[in-house]
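Hi everyone, thanks for coming.

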Amino acid sequence: MNTDLQTKAKPKFSKDYTLHLATIFLGFIIFGISENIKGPAIPRIQFDFHLDEMQIGTLLSLNALGYLIACSFTALLTRKIGIKWVSMAAFGSMAISGVFIFLSHSYPMFTASYFFMYIGNGMLEIGLAILAARIFVRNTGTMMNLSHFFYGISSTVAPMIASGLMTVTVFNHTLDWRGMYLAMLMLSILPMIPALMSKFPGDDLSETERTPLKLLVKDPALWLVVMILSFGVVSEMAVGGWLVNFLEKSYKWEPTAAAGMLSAFFLCFSAARLLLGPITDRIGFTLSIIILSALTGVCTFVAIFGGESYAFLFAAAGIGIAPIYPTVMALIAKRYPRESDTAITFIVTMMGIGSVIGNYAIGAITNGFKQMYGSGTELGLLRGLQAGYGFIGLCAILCSLFGIILYRYLKVRKQLV
């Protein structure tokens, strides 16, 4: 099925394939940087513009809005001008947004510049997923996980680099947050060089060779992948926002110790993406999703209800959840080789909506159980936090259950990947 496209994209360590790898790996580094330099900058931005928490919340919500807008046109743009030029546009817009942010001395201009950056950020996420799906037709699981490992590493170091840059003085001028954004986002020019020098497979396909979205959405497997990715991403992303809070308030941990456990989670997370890719290739993507997400769910529930002595399993949960997103991307690449741009855009857009709902549900469940057991009591707080964090574990279990349904669906049709 679709062997001609896969033959065209057959990876060899030629000059062109090396340029492809450079574009994708550098792209994921830039993606991680652009998403994670805001942490150290937000307090200074708030001080400079005299913003309250509501305005900060609105500013951060532009991330989701820009992302969803980018999802709405990136696939169409890819078909019109090709993934090469979409990638160039994504990297270029992020570099330009750095200039706009540097020149922003009023809140409205800064907000507009920030919004523009997140549109480029959304284009970049979709574009990198499409690029990787087209390029990695061999050892797909390994290469997808390796790509996302670069995202994890840059996400880890970006806040530290950003904090350091804001104190750097150049020609008697302190860079502060504006100069930091300019310097970091101008790095987006680097992956533009290999992208410009190479030709990417799939851009030469005509519309008649592609399956339209209205036919793709009739495939039950597509919707099962949506459910898998939505629950998996909620379980992954929610840890950063809730683990430290849980440890500090439930077990009375010091902030440093709680932050250390979160760092241990991300260490396990990064190591898993680096090392488990070959295993997903060997045992199959669908089976990998079932096993790994179930592992995360079990670790999370034992850590919650086993007591403080099992808290180390919060970090161990990162081993299971880390490969889910890249492995799903690998599954999409194998199942929809011709329609990867359309399938990825649709699935990731649905995932984004599901993630918003899921993260809202965590807060609502936490508050609901706290009220049920007494909002002003220690027991009420503990039960609320356990229930809220338990939903994170439940999402991992649901990810595994939908993986089982997908496994059975594909196995009956002899389409397992």
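Let's start with helix 2 and helix 7, which pack at an angle of about 35°, with their axes 7 Å apart. If that kind of description is new to you, two packed helices are described by the angle between their axes and the distance between the axes. Here, axes are lines fitted to C-alpha atoms, for helices over the stretch in contact, and angles run from 0 to 180 degrees between N-to-C directions. Helices are DSSP runs of H or I with at least four residues, strands are runs of E with at least two, and both are numbered from the N terminus.

A quick word on where this comes from: it's a predicted model, where local features need pLDDT of at least 70, side-chain atom pairs count only at pLDDT 80 or more, and totals for chains, interfaces and linings use all residues. Residues are numbered from 1 along each chain as its sequence is written, and side-chain values use heavy atoms, with hydrogens and water left out.

Back to our pair. The crossing of helix 2 and helix 7 is right-handed; a crossing gets that name if the near helix is turned clockwise from the far one by less than a right angle, and left-handed if anticlockwise. Who makes the contact (heavy atoms within 4.5 Å)? On the helix 2 side, the residues include Y17, L21, F25, F28 and G32, and on the helix 7 side they include M143, H148, Y151 and P159. The residues of this contact divide into 14 nonpolar, six polar and one charged.

Among the contact residues are Y17, H20, F31 and E35 of helix 2 and M117, N121, E125 and I135 of helix 6. Here the residues divide into eleven nonpolar, five polar and two charged.

The cut-offs are under 20% relative accessible area for buried, over 50% for exposed, and partly exposed in between, with a 1.4 Å probe and protein chains only. Y17 and S198 are 181 residues apart in sequence, yet 8.3 Å apart in space, C-alpha to C-alpha.

Now for I161, found in helix 7. I161 is partly exposed, with a relative accessible area of 41%. I161 and I405 are 244 residues apart in sequence and 43 Å apart in space, C-alpha to C-alpha.

Next, the loops. Between helix 6 and helix 7 sits N139, which has a positive phi of about 50° although it is not a glycine. N139 is exposed, at 53% relative accessible area. N172, in the loop between strand 1 and strand 2, has a positive phi of about 65° and isn't a glycine either. N172 is exposed, at 81%.

On to the pocket. How much space lies in the largest pocket? About 1800 Å³. A pocket is an open set of points on a 1 Å grid over the protein atoms alone, where a 1.4 Å probe fits, with protein on both sides within 12 Å along at least five of seven lines; lining residues have an atom within 4 Å of a point. The volume is the space filled by probe spheres set on the points, and points are joined across faces, edges and corners.

The largest pocket is lined by 48 residues, with E35, N36, K38, Y151 and M237 nearest its centre. Helix 2, helix 6 and helix 7 are among the elements giving two or more residues to the lining, but helix 12 gives the most, with nine. The lining splits into 27 nonpolar, 16 polar and five charged.

Helix 12 also holds F269, which is buried at 6% relative accessibility. Leaving out residues up to four places away in sequence, F269 touches E236, G318, I321 and A322.

That takes us to helix 15, my last stop. Eight of the ten residues of helix 15 are buried, so it is largely enclosed by the rest of the structure. G318 and I321 are among the buried ones, and the cover includes helix 11, helix 12, helix 14, helix 16 and helix 18.

How values were computed: Ala, Val, Leu, Ile, Met, Phe, Trp, Tyr, Cys and Pro count as nonpolar, Asp, Glu, Lys and Arg as charged, and the others, Gly among them, as polar. Contact means heavy atoms within 4.5 Å.
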